[in-house]
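Open the structure in your viewer and keep the selection tool ready. We will go from stop to stop.

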Amino acid sequence: MKLKNVLIVVKDIEKAKAFYKELFGLDVVLDNDGNVILTEGLVLQEKTIWKQFINKDVIAQNNATELYFEEADIEGFAAKLENYKEPIQYVNRLMEHSWGQKVIRFYDPDGNLIEVGTPVLN
């Protein structure tokens, strides 16, 4: 068995596609009426469809999961966030952990938590 995709719920699929394309460079692999697969295995699903499947409310900013990306030019990415066309809601701005990794945490427009950090060397 292998993990194929990670699905996140979004209110506005077009806005979410633009967000992940413009900030992370993710392209659409498949767009199927409210279900979109992006490169790197990220799947976007419209909130109304997801609510029908689980028959429960979707809780944004629940902080139970996080999408994690690595970026060598973390300062450049932080500047990209600052200049994004819509305000970014930060959990923490660019910081450095005691082990030397630099990270930034924020929410996407739908309240999904994202962390971007410098690569961790093994």
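**Two helices.** Select H1 and H3: their axes come within 10 Å and cross at roughly 145°. Axes here are lines fitted to C-alpha atoms, for helices over the stretch in contact, and angles run from 0 to 180 degrees between N-to-C directions. Now show the side chains of Glu-22, Leu-23 and Phe-24 on H1, and of Phe-77, Lys-80 and Leu-81 on H3; these make the contact (heavy atoms within 4.5 Å). Four of these residues are nonpolar, none is polar and two are charged. Ala, Val, Leu, Ile, Met, Phe, Trp, Tyr, Cys and Pro count as nonpolar, Asp, Glu, Lys and Arg as charged, and the others, Gly among them, as polar.

**Before moving on.** This is a predicted model, in which local features need pLDDT of at least 70 and side-chain atom pairs count only at pLDDT 80 or more, while totals for chains, interfaces and linings use all residues. Residues are numbered from 1 along each chain as its sequence is written, and side-chain values use heavy atoms, with hydrogens and water left out.

**Inside H1.** Select residues 13–24 for helix H1 and pick out Lys-17. Helices (H or I, at least four residues) and strands (E, at least two) are DSSP runs, numbered from the N terminus. Is Lys-17 buried or exposed? Lys-17 is buried, because its relative accessible area is 13%, and buried means under 20%, exposed over 50%, partly exposed in between (1.4 Å probe, protein chains only).

Show four strands in the order S5-S8-S7-S6; they form an open sheet with mixed pairing. S5 (67–70) and S6 are the edge strands, each pairing on one side only. From one strand to the next, the twist averages 15°. Two strands pair if DSSP finds at least two bridges between them.

Zoom in on S5 and S8 (residues 113–117), which are parallel over four bridges. Find Phe-69; its bridge partner in S8 is Val-116. Bring back H1: this helix packs on the sheet, touching S5, S7 and S8, and its direction makes about 10° with that of S8. Then select residues 74–82, helix H3, which lies across S6, S7 and S8 at about 25° to S7.

**The hairpin.** Last stop: S6 (residues 89–96) and S7 (residues 102–107), antiparallel over five bridges. Met-95 has Val-103 in S7 as its bridge partner. Five residues separate the two strands of this hairpin. Click Gly-100 in the turn: its phi is positive, about 100°.
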